[in-house]
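Subject: Model handover

Hello,

Here is the model you asked for. My notes follow below it.

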Amino acid sequence: MPATTENNQGSFLGRISIRRNQVMSMDGNHDQELEDLELFQKHVGDRFTDLLSSTTEDPTGDALLSIAWLRKLLDEFLCCEAEFKAVLMMGRDPSQISKPPLDKLLPEFLDRVVKSLDVCNAVTLGLDAVKNLQRLAEIAVSALEQRPIGDGQVRRAKKALNSLVTAMMHEDGNTKGTERSRSFGRRGGGNNAAANKDRGAGSYRSLSWTMAKNWSAAKQIHAMSSNLAAPRGGESSGLALPVYIMSTVLVFVMWSLVAAIPCQERNGLATHFQLPRQLGWAQPIIGLQEKIAEEWKKKEKKGSVGLLEEMQRMDKLGQSLVEFAESFQFPAETERLEEVKAQVEELGDICRKMEEGLEPLQQQIREIFHRVLRSRTEFHLALDQTGKLPAPTV
C-alpha cells in the first residue's frame with residue numbers, strides 16, 4: 001500500500017490503542033470515540049476517492065477492473081478491515097458490542113462474512129480459469145511471433161485462438177446437468193511442459209468448478225446486500241455506523257470481484273445495491289459502482305465471462321487475429337503482417353501483465369479470506385462471552 005496510507009493507518013490504530021488503555025469513564029471517552037468514528041469514515045472515503053480518481057482523472061492510472069486496479073482495491077479493503085476491527089473491538093469490553101443495536105447488526109455482518117468466503121473461493125477458481133486463457137493466448141503469440149510466418153504457425157495460432165474466443169464467449173448461466181463445468185480449458189496430463197505447449201489448444205479440457213451445483217454468485221451478492229440498511233437517528237453516530245460502513249465495503253468489494261472475474265451464475269448481478277447519496281464516505285463507492293455497472297451494460301453480451309480489463313482486450317485481439325488466420329495465404333501482404341505484429345505485441349504484453357499479476361491477486365484474495373475468517377472468530381468469541389452467540393462454527 002502507499003506509504004501515506006500506511007502511515008495514516010498506523011497513526012489511527014495507535015491512537016485508538018492509547019485511548020482504550022486510558023482509565024476513564026465511558027462518558028469521558030464519548031467525544032473521543034465520536035472523533036474516531038469521524039476519522040474512520042474519512043479514511044474510507046479517502047481510499048475510495050483515490051480508487052475512483054485513478055480511473056477518471058489520471059490517464060496514466062490503472063484501468064478500472066484491471067488486475068492492478070483490483071489489487072489496489074483489495075489493499076484498501078484490508079486497511080478498512082483493520083481499522084474497523086480496531087474501532088469496534090480494540091481494548092473494548094465485549095458487553096459494549098452485545099447491546100442493541102449491535103446485538104442484531106453484528107450477527108448480520110458476520111453472516112455476510114460467511115457468504116464472502118464463498119465468493120472468495122469462487123473468484124479464486126475463476127482466476128485459475130483466467131490463467132488458462134492466458135496460456136492459450138501465449139500459444140498464439142509464440143506461433144505468430146515466428147518469422148517468416150507460414151501455414152504451420154498460423155494453423156497452430158488459429159487452433160489456440162479459436163479455443164480462446166470460444167472459452168470467452170461461454171455464458172455463465174446456461175450450463176445444465178448435475179455438475180457445473182466451464183469451457184475454460186486446462187492442460188491435460190503430462191510432465192513435459194514444452195511438449196504440452198507444442199500439442200497446442202487441443203490438449204486443453206474443460207475445468208469443472210468445485211462450487212455446489214446450485215451456487216450462484218449473483219444470488220450470494222444479493223443475499224449479502226438484501227438487509228443492508230443505513231443506521232438512523234441516534235444510531236447513525238454510534239457503533240452501528242462502522243458496522244454499516246464495513247458491510248458496505250465488503251459487499252462492494254465482493255460485487256466488484258464477481259463482476260470482473262469469471263464466476264458461476266452471475267445473471268442479475270448488474271442490479272447494484274443502493275447507498276444513501278448524502279453520506280460523504282459513500283460518494284466515491286457510488287461513483288465506482290455506477291462506472292462498473294455502465295461497463296457491464298456496455299460490454300454485456302452472450303457469453304461474457306467477466307469485465308476484467310485484460311480479458312476484454314484479449315477477447316478483442318483474439319477475434320481480430322482469428323480473422324487474420326482464417327484468411328491467411330502465404331505469402332501474406334506486408335501491410336497486414338505489420339498490423340498483425342502490433343496486435344501480437346499487444347497480446348504478448350497482456351500475457352506478461354497476467355503472468356505478473358494474477359498470482360499476487362490470488363494471494364491477496366486468500367489473505368482476505370483468512371483475515372475476515374479470523375476477525376469473524378474474534379467477534380464470535382467476544383459475543384460468546386456475553387452469551388449472545390454460540391461458539392464459532394466456521
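Read along the sequence, the chain runs α-α-α-α-α-β-α-β-α-α-α-α-α. That is eleven helices and two strands. Helices (H or I, at least four residues) and strands (E, at least two) are DSSP runs, numbered from the N terminus.

Some ground rules. This is a predicted model: local features need pLDDT of at least 70, side-chain atom pairs count only at pLDDT 80 or more, and totals for chains, interfaces and linings use all residues. Residues are numbered from 1 along each chain as its sequence is written, and side-chain values use heavy atoms, with hydrogens and water left out.

Overall figures

Of the 394 residues, 52% are buried. Buried means under 20% relative accessible area, exposed over 50%, partly exposed in between (1.4 Å probe, protein chains only). The accessible surface comes to about 18200 Å², and 49% of that belongs to carbon and sulfur atoms. Areas come from the Shrake-Rupley method with a 1.4 Å probe; for residues, only the protein chains shown count as cover. Among contacts between residues at least 6 apart in sequence, 77% join residues at least 24 apart. Contact means heavy atoms within 4.5 Å.

Helix H11

H11 covers residues 334-385, 52 residues in total. From first C-alpha to last it reaches 76 Å, close to the 76 Å expected at 1.5 Å a residue. The expected span is 1.5 Å times one less than the number of residues. H11 bends by about 30 degrees at Gly 357, and Pro 360 follows within four residues. The bend is the angle between axes fitted to the seven residues ending there and the seven starting there.

Two glutamines

Gln 362 lies in H11. Gln 362 counts as buried because its relative accessibility is 1%. Its side chain makes a polar contact of 2.6 Å with that of Lys 131. A polar contact is a pair of N or O atoms within 3.5 Å; within protein, one must be able to donate a hydrogen and the other to accept it, and residues adjacent in sequence count only if both atoms are side-chain atoms.

Gln 134 lies in helix H4 (residues 102-144). At 4% relative accessibility, Gln 134 is buried too. Leaving out residues up to four places away in sequence, Gln 134 touches Met 314, Cys 351, Met 354, Glu 355 and Leu 358.

Cysteines

The whole structure has zero disulfides (pairs of cysteine sulfur atoms within 2.5 Å). The cysteine sulfur closest to that of Cys 79 is in Cys 80, 6.9 Å away, so it is too far for a bond.

Best wishes
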